[in-house]
Amino acid sequence: MTVDAHHHVWDLAVRDQDWIRGPELAALRKNFGLADLEPEARSAGVDRTVLVQTVTAAEETPEFLALAAGHGLVAGVVGWTDLTRPDVADELARLRALPGGSFLKGVRHQVQGEPDPEWLLRPDVLRGLAAVADAGLVYDLVVLPHQLPACVRAAAALPRLTFVLDHLGKPPVASGDREPWASGLRALAALPNTVAKLSGLVTEADPASWTTEDLRPYTDAALEAFGPGRLMFGSDWPVCTTAATYTRVHDVARELTSALGPAERTALFETTAARVYDL
């Protein structure tokens, strides 16, 4: 069976997704729920998923925890809280005490949108990250390639905290460039408290013309840097649907990793996520 370690849901009647702007994202301006995901996930052999935050709204995480508690597909939630608030430890404890609170496995912030490339290294942020570690949670990194050096320094400063790099740090697949992304990826992978998600690559490629071979150099670089035991598959549904169906994303990930042995494939598609997120 497969774990999908990264997907989203949203209901625009409950909350706008203000990042969905422009004609290239127009197809995402509708509701996406677990009832839409489940048939595709089950068809791909996915039996557990990790539901990941989409907006910096405090109300979203309790909603996601309740969804997880009421649906057998979602095994873990990566939520959001303000890492800079002085009482972040108390807030994490409050979330864990909510209905479905046991499904909270990690925290994420949209660091990719922060103008300061060293936002992760601010003293108040590092203090918040330490509280995440103390709570027994992991921290998902959603960053751009130029922010990877700060990720390396933050992970080195907090060896107690597991950092999960979403979407391989968003490499520039469409242009075909590999540096400085590849160097930043290797530097992060050199730290033992880091893992990464094989996710989100199709939307970094040309959405209309990408091929499996366009993605291969980036997947190969991640496999070399992290190894399959520290990589996990994620669909990035429904964002992926701007470039590929759920089934195609899953099938392409299988194709790109077809040279791995059975145990390595099991790690990448199941056990790494189960271990890291304590599913």
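Q: Before we start, what counts as a salt bridge here?
A: A salt bridge is a side-chain nitrogen of Lys or Arg within 4 Å of a carboxyl oxygen of Asp or Glu. This is a predicted model, where local features need pLDDT of at least 70, side-chain atom pairs count only at pLDDT 80 or more, and totals for chains, interfaces and linings use all residues. Residues are numbered from 1 along each chain as its sequence is written, and side-chain values use heavy atoms, with hydrogens and water left out.

Q: Thanks! How many salt bridges are there in the whole structure?
A: The search finds 17.

Q: Which residue does Arg-216 meet in a salt bridge?
A: Glu-213, with an N to O distance of 2.9 Å. Both sit in helix H7 (residues 212-226), 3 residues apart, so about one helical turn separates them. Helices here are DSSP runs of H or I, at least four residues, and strands are runs of E, at least two, numbered from the N terminus.

Q: Is Glu-213 buried, exposed or partly exposed?
A: Partly exposed, at 46% relative accessibility. The cut-offs are under 20% relative accessible area for buried and over 50% for exposed, with partly exposed in between (1.4 Å probe, protein chains only). Arg-216 is partly exposed too, at 22%.

Q: New topic: where do Arg-48 and Glu-270 sit?
A: Their side chains form a salt bridge (3.3 Å, N to O). The pair links distant parts of the chain, 222 residues apart: Arg-48 is in strand S2 (residues 46-52) and Glu-270 in helix H9 (residues 262-276).

Q: And which residues are linked in a network?
A: Salt bridges link Arg-85, Asp-87, Glu-91 and Arg-94. Within that group, Glu-91 and Arg-85 pair at 3.8 Å, N to O. Glu-91 is buried at 9%, while Arg-85 is partly exposed at 26%.
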